[in-house]
Amino acid sequence: MVSQSFIGLGKAQQKALGSPDLPIAVIPHPFGTRSREELREIAAKAAGDIARLLCEAAPASAKVAAAAPTVPRAKLVEAPSDLAELNKFYMQRRWGDGLIIAPPTREAVERMLRHTNRKPDDVVATIAPGMGAATVEYIAIQGVMAGCYPEYLPVLIAAAEAVGTQRFHLQAIQSTTNPSAVWLLVNGPIAKWLEVNSGAGCLGPGTWANATLGRALRLILLNIGGALPGDIDKATQGQPSKYTFCCAENEEANPWEPLHVERGFARDANTVTAIGALGTWSMNMTAKGPEEVLAMIADTMQYPASSDYMYGGAPFIILSPQHAQLFHRAGWSKAEVKRRLWEQSKIRAGRSKGSEFERMATGRRAELGDITPDSMVPISVQPDDISIIVAGGAGSHSVFVPVSAHTRSVTKEVVLTESGVRE
């Protein structure tokens, strides 16, 4: 059952799940702006359509296969040797992201595969919404195309594992009208080995690892997950982070335990965390008191259009080292900062008007009970759902990263070969 604008997504998933002829019930788009009376009419028609489709005999091809087919190895394709023509060749087939592609030759892919002990045809994850099988080989191909060095492969494998988990809920990011992008956060010694920037400008250009790792994951989402912009990826405008979004945590400047330790990994473990980010909001705060800085962060987090408030999300705060040290000198633990932010970022439910208020009241009712316009609604179910990391260089700028409320960040360990990450 899909709305008119998502018929392409429905057909893609039919095919991916092995049932290309399963019937689809279609409802008008958009329906979120319609009156209750119009919605009743749409619902009544949809119920009739579903009943009729269920009663019709399904074609033999609509039966779901009992077992998933064997995933084929990548095929060699004859392509132009001229780089400009090669990139035209790729874009015509919608295999690129709009930036220049490095040729994934057999030799280049084999060099990358030497950095894992896993077999090329091992399936790492199933990538929604096309339900493509992300084999080690297919991941390596996307890494080469993005310009990754061969030693980056273990990070990409862990990233694919992270986005493929049920908790991350990639479907909600790949096909939404939200401008969702996947942000990769690297922790552990591997960040230094691979020179992933965690300091000044870590969310911007100028670092090979940050740029190519984030871009490689985007190509995985496009070419393996099938999230082609406009067809399956229905983002109304999108955001620049859909090209690449990757950094490391500045663990040396972090006065508390870093994110991966907070999540149960050893300090010397190497991890990558996938986060469904909706954008970045700069917070320039030169105040000298921790209470003042925290109040301004909490104020920034409050906006009625946030899906976090509608459904109870899990946003991220990137503290500058300066702000992190300010809180630490005040004797605040990371848990204390989270608790204060959670309390001070509550919004009055009445700030959401009309149908948006009704959506919030419905979305949070199971958690908060009946909601009135004067109810105070927290951004997340509990304080610990707010994640805090430390990154960046000198300066009084921190960053608020709102996250799609239908997804939760996932951290996976990066598994290295005995030879490590260097050739």
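Which handedness, left-handed or right-handed, does the crossing of H11 and H14 have? The close-ups below take this up along with two other views. This is a predicted model, in which local features need pLDDT of at least 70, side-chain atom pairs count only at pLDDT 80 or more, and totals for chains, interfaces and linings use all residues. Residues are numbered from 1 along each chain as its sequence is written, and side-chain values use heavy atoms, leaving out hydrogens and water.

**View 1. Helices H11 and H14 cross in a right-handed manner.** Here helix H11 (residues 290-301) packs on helix H14 (residues 334-344) at about 50 degrees, with the axes 9 Å apart. Leu294, Ala295, Ile297, Ala298 and Met301 of H11 make the contact with Val337, Arg340, Leu341 and Gln344 of H14 (heavy atoms within 4.5 Å).

**View 2. Helix H5 is mostly covered.** Look at residues 136-146: 11 of 11 are buried (under 20% relative accessible area, 1.4 Å probe, protein chains only). Among them are Tyr138, Gln142 and Met145. The buried residues of H5 pack against several elements, including helix H3 (83-92), strand E4 (132-135) and helix H9 (208-224). Just after H5, glycine 147 has a positive phi of about 95 degrees.

**View 3. Cysteines in a structure with zero disulfides.** A disulfide here is a pair of cysteine sulfur atoms within 2.5 Å. Cysteine 247 is in none, and its nearest cysteine sulfur, that of cysteine 202, lies 4.6 Å away. Cysteine 247 counts as buried because its relative accessibility is 0%. Cysteine 55, at 69%, counts as exposed (over 50%).

How values were computed: Helices (H or I, at least four residues) and strands (E, at least two) are DSSP runs, numbered from the N terminus. Axes are lines fitted to C-alpha atoms, for helices over the stretch in contact, and angles run from 0 to 180 degrees between N-to-C directions. A crossing is left-handed if the near helix is turned anticlockwise from the far one by less than a right angle, and right-handed if clockwise.
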